[in-house]
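Hi everyone, thanks for coming. Let's take a few minutes to walk through a model together, one chain at a time.

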Amino acid sequence: MTGKNIQLDKNGNLKHFLSIEGLSQPLLHTILNYAESFATVDKRPVKKVPLLRGKTIANLFFEPSTRTRTTFELAAKRLSADILNLNISTSATSKGEILSDTLRTLEAMHCDMFVVRHANSGAAHYIASQVAPHISVINAGDGRHEHPTQAMLDMFTIKQHKKDFTKLSVAIVGDILHSRVARSEIHALNVLGTNEVRIIGPHTLIPKEIEKLGVHIYHDMNSGLKDVDVVVMLRLQRERMRGALLPSEDEYFKRYGLTNQKLKHAKKDAIVMHPGPINRGVEIDSDVADGKHSVILQQVSHGIAIRMAIMAMVMGQINRDENKEKKK
Amino acid sequence: MTEKIDINVLIENMAENISSHCGTQGYKNPLMIGIQRGGVWIAARLHQKLKLADPLGELNIAFYRDDFSKIGIHPEVKPSKLSINLDDRHIILVDDVLHTGRTIRAAMNEIFDYGRPASISLAILVERSGRELPIHPDIIGKTITLKEGEHAKLSGPEPLALEIMKSG
């Protein structure tokens with residue numbers, strides 16, 4: 001990762017959206033406020049605003065995804081942008097060369113924004129450092145590093161239900177080791193001044209350095225969930241598991257799977273979130289996933305509004321400096 | 001330079017003119033929509049005076065502005081509130097100052113994304129020079145002539161006050 005924050009232009013405005021780390025509290029609040037307005041577009045007869053009309057956005061997915069890609073696509077379409085979906089295989093041997101060629105080719109097609117998902121941490125940063133100056137890059141998940149739009153849609157969901165972050169206890173449960181969502185989430189909760197962030201999971205799935213982020217670590221659900229306001233369940237990333245990190249999925253469910261019984265330790269009005277896709281009976285019981293505490297489907301709708309807000313913000317910076325004057 | 005204008009008198013006159021305008025045109029049960037922020041303040045007063053049946057609509061045109069590529073999103077973006085079906089309704093669109101006409105164009109574009117009204121009439125507190133689009137108000141509180149570099153700004157919501165100021 002680069003030391004310099006290339007996400008911001010020289011006036012501190014959002015140019016790329018690559019990681020929550022390095023962004024300020026006012027900026028996160030601005031994103032959440034914009035999303036509030038964009039969320040209303042979904043409820044209108046015409047679910048579209050003309051803000052990014054004439055812009056071209058390329059979804060560059062080096063790693064498969066349905067939900068994230070689809071919500072980015074819908075967000076772009078609701079802003080009236082044109083969007084290309086490119087599923088690029090990572091199997092090529094000379095990745096570096098091919099990647100830069102891909103970027104030049106898309107630039108030649110006059111794209112204005114790249115939405116990037118990649119299995120390697122830092123991929124979106126790298127691409128942002130390589131593209132032409134008029135192009136913005138949004139990170140849609142890079143390796144184990146960050147998934148900042150997911151974190152922001154989760155913050156938006158929490159804000160809809162709980163308002164004030166400084167009074168909240170939030171527990172993030174499960175496979176922290178492989179989770180870019182967890183990393184972005186912890187940064188976002190910290191920036192927004194959350195009272196307490198807890199991490200719950202087995203020793204093998206919690207990286208040692210995570211404590212440096214100021215979180216409290218629990219290895220037991222009953223004590224970890226005690227009196228929390230928000231429970232964020234993470235997907236058990238079976239495809240990323242290498243070596244013997246877990247005894248078995250059944251054993252995992254017994255200890256860390258969220259059931260109504262375990263949820264009783266949280267506050268009565270606690271909300272349960274999950275970035276999806278959910279593994280029913282592995283990290284979450286169906287009764288909880290479909291139960292009254294669950295806001296999992298709201299998260300999906302909020303994902304569109306948050307992505308609209310972020311896309312509009314990064315595109316809105318272009319030419320801003322030269323055109324300060326404005327007429328009614 | 002500052003010039004005091006009695007807004008309450010202007011609003012009183014506007015309410016009467018809207019009534020007679022709707023009477024002449026045969027608009028029954030019109031729907032009032034204010035443009036945020038100043039237009040909503042004026043519209044709220046008019047709405048109360050005219051005792052309109054349906055709630056006041058609020059329009060935020062931030063997503064419809066034609067200067068997005070120059071200045072980005074307007075910093076004070078709040079959601080539009082239009083809960084009523086607009087199809088076949090007679091709409092009274094209210095704003096504080098009519099200048100270039102670009103705000104009204106953006107507002108009309110947004111209205112048509114909510115439905116297909118039967119008609120739109122434009123009520124303006126203050127009409128000033130500087131039109132850049134063929135947009136004409138149906139109801140005018142006051143027409144003012146401004147010198148170059150001057151602009152009119154409404155502050156509110158309590159109390160409402162209009163100031164003529166030198167820009168820059």
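Predicted model: local features only at pLDDT ≥ 70, side-chain atom pairs only at ≥ 80, totals over all residues.

Residues are numbered from 1 along each chain as its sequence is written, chains are lettered from A and ligands numbered from 1 in the order in which they are written, and side-chain values use heavy atoms, with hydrogens and water left out.

Chain A, then. It has 11 helices and 9 strands; these are DSSP runs, with helices being H or I of at least four residues and strands E of at least two, numbered from the N terminus. Its radius of gyration is 20 Å, close to the 20 Å that the globule rule gives for 328 residues, so chain A is as compact as a globular protein of that length. That radius is taken over C-alpha atoms, and the rule is 2.2 Å times the number of residues to the power 0.38. Buried residues make up 59% of chain A, where buried means under 20% relative accessible area, with a 1.4 Å probe and protein chains only.

Now let's look at a helix. Helix α1 of chain A covers residues 25-38 and reaches 20 Å from its first C-alpha to its last, close to the 20 Å expected at 1.5 Å a residue; the expected span is 1.5 Å times one less than the number of residues. Its buried residues include Leu27(A), Ile31(A), Tyr34(A) and Phe38(A). What do the buried residues of α1(A) pack against? They pack against α5 (148-162), α6 (180-191) and α11 (296-315) of chain A, counting a contact as heavy atoms within 4.5 Å.

Next, a single residue. Arg78(A) sits in helix α2, residues 67-78. Is Arg78(A) buried or exposed? Arg78(A) is buried, with a relative accessible area of 13%. Leaving aside residues up to four places away in sequence, Arg78(A) touches Asp42(A), Lys47(A), Lys48(A), Val49(A), Ile304(A) and Met308(A).

Over to chain B. Here we find 4 helices and 7 strands, running α-β-α-β-α-β-α-β-β-β-β from the N terminus on. The radius of gyration of chain B is 15 Å, which agrees with a compact globule of 168 residues, near 15 Å. Of those 168 residues, 55% count as buried.

That's my tour; happy to chat.

Key:
Buried < 20%, exposed > 50% of the residue type's maximum accessible area, 1.4 Å probe, protein only.
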